[in-house]
Amino acid sequence: MAKSRFGFPPRAGDWALACLPLVFLLAALIAPALRLLAEAADVGSSDAAWLAPLQDPYLRWRLLWSGLQAGITCGLVLLLGLPMAWVLARLEFAGRSGLLRALMLPFVVPTLVAAMGVLALAGPQGLWQRWGGASWQGTPYLLLYGNVFFNLCVLVRAATEALEQVSASRVAAARTLGATPWRAFWRIEWPAIAPWLMSALCLVFLYCFAGFGLALVLGGPGYATVEVEIYTLVAYELQINQAGVLAVWTLCLTAPCALAYAILERRLATPLRADRIARHKPQSTGQWLAVCLTVLMLGLVCAAPVLAIVARAVGAGAAAWAVLLEPDTLHALWNTLRFSASALVLATVLGVCHAMAAQRWALLRAIAFLPFVVSPVLVAFGLLLLYPAWAASAPLLVAAYALLAYPFIAKSLASALDGMPAHYMHAAASLGASPWRAFWRVRWPLLQPALRRGMAFAAATAVGEFAVTLFLSRPEWATLTTLIYEHLGRPGQTHYASALVLSCALMALAFGAFMLMEWPARDDPLNPSPHA
Amino acid sequence: MLELRNIVKHWQAPGAAPRVLLDDLNLQVSSGETVAILGPSGGGKSTLLKIIAGLELADSGRVFCEGQDISALPAHLRRFALMFQDFALFPHLNVQDNVAFGLVEQGQSRSQARAQALAVLQRFGMADHAVGRVWQLSGGEQQRVALARALITRPRVLLLDEPFSALDAPLRASLRAEFAAHIASWPMAVVWVTHDEAEARAVGARGLELQAGVLQQRW
């Protein structure tokens with residue numbers, strides 16, 4: 001029988017907690033994925049059909065490019081992000097905590113808005129071109145820039161956290177044994193942070209390989225990824241079988257990376273270390289230069305596209321902003337709000353159940369990442385195939401939103417639970433609190449900041465959801481994202497200006513939803529500020 | 001008062017063979033008596049306390065309190081109090097609410113519990129910190145709050161797991177006398193686990209050493 005890390009066998013309540021997310025995952029993810037597999041099998045048992053994506057030069061390039069752009073992005077974010085993380089983890093300077101918070105910004109920006117930002121900055125007629133540079137239209141740089149915009153912060157946050165976990169006494173021991181700072185980093189700090197970096201890089205690879213919105217808008221005909229190809233095959237060419245084969249190939253290629261990520265995450269699930277290395281003020285010109293470069297790099301990569309959208313939207317004139325009051329926009333806003341709110345409620349219930357149950361079964365923790373493995377396009381495609389009668393029905397759309405949003409809540413809560421010393425519950429029990437009372441009076445209040453943080457990311461994800469909406473919604477259920485895409489697809493400067501203004505509105509909405517929930521989470525009792 | 005009969009507990013590190021942590025262990029502690037248990041780190045002292053507190057299950061053996069078999073009784077119903085090495089104060093509650101925690105669990109209203117907690121904090125010289133956050137306290141202050149929290153519920157058995165291991169030597173010596181005085185004022189059985197023999201001799205009328213899973217009389 002399975003035992004928790006507390007040494008007691010699971011109770012009926014634990015099984016009940018596990019059931020809800022498991023049934024949901026089975027119905028909304030695993031069954032649709034199997035249906036995709038069955039659809040692909042319909043092409044016949046001949047090797048030719050299965051190997052078509054490898055034999056057809058066009059499809060082979062799509063698969064190859066998907067992996068290549070994901071790999072290049074991994075290299076770029078590691079190269080840029082590790083020094084930045086070192087600065088943030090080891091040096092104390094004014095605005096450091098603000099920078100750390102700003103690193104969350106790209107998580108909140110909807111994919112389509114990010115794509116618009118990159119276009120506004122470096123696309124045709126973009127700010128870069130206006131200042132005398134060449135447009136990046138038709139090159140792979142647009143997509144790579146978009147990828148780095150989203151993923152640099154993933155690596156910097158993970159590496160900063162990892163560096164903060166390095167044992168101060170071990171580094172001190174290495175130094176007293178004759179290691180230079182660089183040798184101490186290489187022999188003590190690097191082995192300690194390597195699993196964290198690998199975990200973050202796995203996630204970056206998965207995000208880039210399975211990315212849809214960025215690749216659709218920024219990739220163009222030459223550099224679109226396999227996800228865009230699947231969408232095109234389903235939505236425009238109606239080649240469901242071929243799309244199914246391609247989807248299965250995608251799943252096979254991303255599965256090892258996802259498995260590695262799940263294993264690494266499990267290994268990293270340990271209580272926070274107490275003897276952290278203290279941060280110090282920059283002491284040399286080199287260290288001050290490193291701080292300046294970090295701020296500059298974060299500004300260029302993470303802030304510039306967002307600011308470019310605002311600048312271009314403001315520059316479009318008052319007439320362009322009138323789009324905000326058009327009936328279509330108000331209707332899309334209402335749809336965005338109601339679908340997101342419904343999905344958030346469902347995602348919260350699922351996330352809480354999943355995180356609590358994952359404390360009992362390690363396998364459940366790995367399963368929480370399944371929605372990260374299967375891209376939104378594949379989720380929507382599988383749901384469409386499995387539940388054709390429910391296509392364009394609100395419950396299916398909300399379920400798909402919740403599926404993509406709830407891992408954020410489960411992950412945030414699971415991390416908080418891992419970091420919570422087991423003896424808090426022991427202390428409560430020894431003071432007379434029943435398991436339920438101990439949960440209600442100790443564990444639940446301590447989990448609030450993590451819950452709100454997870455919900456904030458889930459809300460931002462739901463508000464900015466694009467791929468699933470494109471597949472599963474009816475025309476009258478247009479959300480702000482699909483409306484932006486619609487404007488972007490129409491010719492003329494007016495429509496482009498409207499897309500820019502709507503992007504500003506969507507960004508404000510996603511940011512507002514995030515702040516509304518994340519703001520009260522700043523004072524985390526599990527990780528109190530020493531200056532509080 | 002407290003009696004352990006034939007307690008056996010095995011422990012298995014991942015990938016290693018299981019080893020006997022507690023081997024047919026027996027112990028009796030009377031009300032008002034303080035027993036000090038010595039032993040090396042990793043020898044099973046903390047596990048023994050957790051088994052007594054009901055936080056961990058023994059592989060075999062029974063735990064009795066006041067003549068009743070409480071082996072299957074959940075931790076929250078035993079009316080024992082356990083003090084942890086790093087205090088285990090709840091960071092989301094202020095000092096007063098930490099101390100009042102157990103009283104609320106016993107069914108007292110929050111206001112009553114808080115008033116009583118304040119009175120106990122006064123006895124411990126900590127009333128000025130009542131509304132402060134626990135992480136703002138020094139190690140010695142946190143230790144006093146932890147003891148106040150443990151004693152306020154009038155436990156039948158008090159279990160202390162290396163209570164001074166996180167403190168420096170001078171503070172340890174002064175707190176030891178203070179703790180002994182507080183504990184003497186409550187009629188309960190006390191099991192005090194430590195690896196410091198001087199501390200054990202100062203607090204324990206009887207000293208036992210846990211070696212190879214068995215308790216041996218030291219004094």
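**Aromatic pairs and a helix crossing**

Modeller: In this predicted model, 25 aromatic pairs are found over all chains.

Colleague: How far apart are the ring centres of Phe24(A) and Tyr406(A), and what kind of pair do they form?

Modeller: Their centres lie 6.2 Å apart with 80° between the planes, an edge-to-face pair. Phe24(A) belongs to helix H1 (residues 12-41) of chain A and Tyr406(A) to helix H21 (residues 394-419) of chain A, so the pair ties together parts that are 382 residues apart in sequence.

Colleague: Are Phe24(A) and Tyr406(A) buried or exposed?

Modeller: Both Phe24(A) and Tyr406(A) are buried.

Colleague: And why does the pair Trp186(A) and Trp190(A) count as stacked?

Modeller: The planes of Trp186(A) and Trp190(A) are at 20° and the ring centres 5.9 Å apart, so the pair is stacked. The two residues are four apart in helix H10 (residues 181-209) of chain A, which means a separation of about one helical turn. Trp186(A) is partly exposed at 42% relative accessibility, and Trp190(A) is partly exposed at 26%.

Colleague: Which residues do ring pairs link into a cluster?

Modeller: The cluster consists of Phe212(A), Tyr231(A), Tyr236(A), Phe466(A), Phe471(A) and Tyr485(A).

Colleague: Turning to helices, at what angle do H8(A) and H15(A) cross?

Modeller: The axes of H8 (residues 141-165) and H15 (residues 285-315) of chain A cross at roughly 110° and come within 9 Å. The two helices are therefore roughly perpendicular to each other, and the crossing is left-handed.

Colleague: Which residues meet there?

Modeller: From H8(A), Tyr145(A), Val148(A), Phe149(A) and Leu152(A) meet residues of H15(A) including Leu300(A), Val301(A) and Pro305(A). The contact comprises 10 nonpolar residues, with no polar and no charged ones.

Terms used:
Residues numbered from 1 in each chain as written. Chains lettered and ligands numbered in written order. Predicted model: local features only at pLDDT ≥ 70, side-chain atom pairs only at ≥ 80, totals over all residues. Heavy atoms only, no water. Axes fitted to C-alpha atoms, helices over the stretch in contact; angles between N-to-C directions. Parallel < 35°, antiparallel > 145°, perpendicular 65-115°, else oblique. Left-handed = near helix turned anticlockwise from the far one by under 90°. Contact = heavy atoms within 4.5 Å. Nonpolar A, V, L, I, M, F, W, Y, C, P; charged D, E, K, R; others polar. Phe/Tyr/Trp six-rings, centres within 6.5 Å; stacked < 30°, edge-to-face > 60°. Buried < 20%, exposed > 50% of the residue type's maximum accessible area, 1.4 Å probe, protein only.
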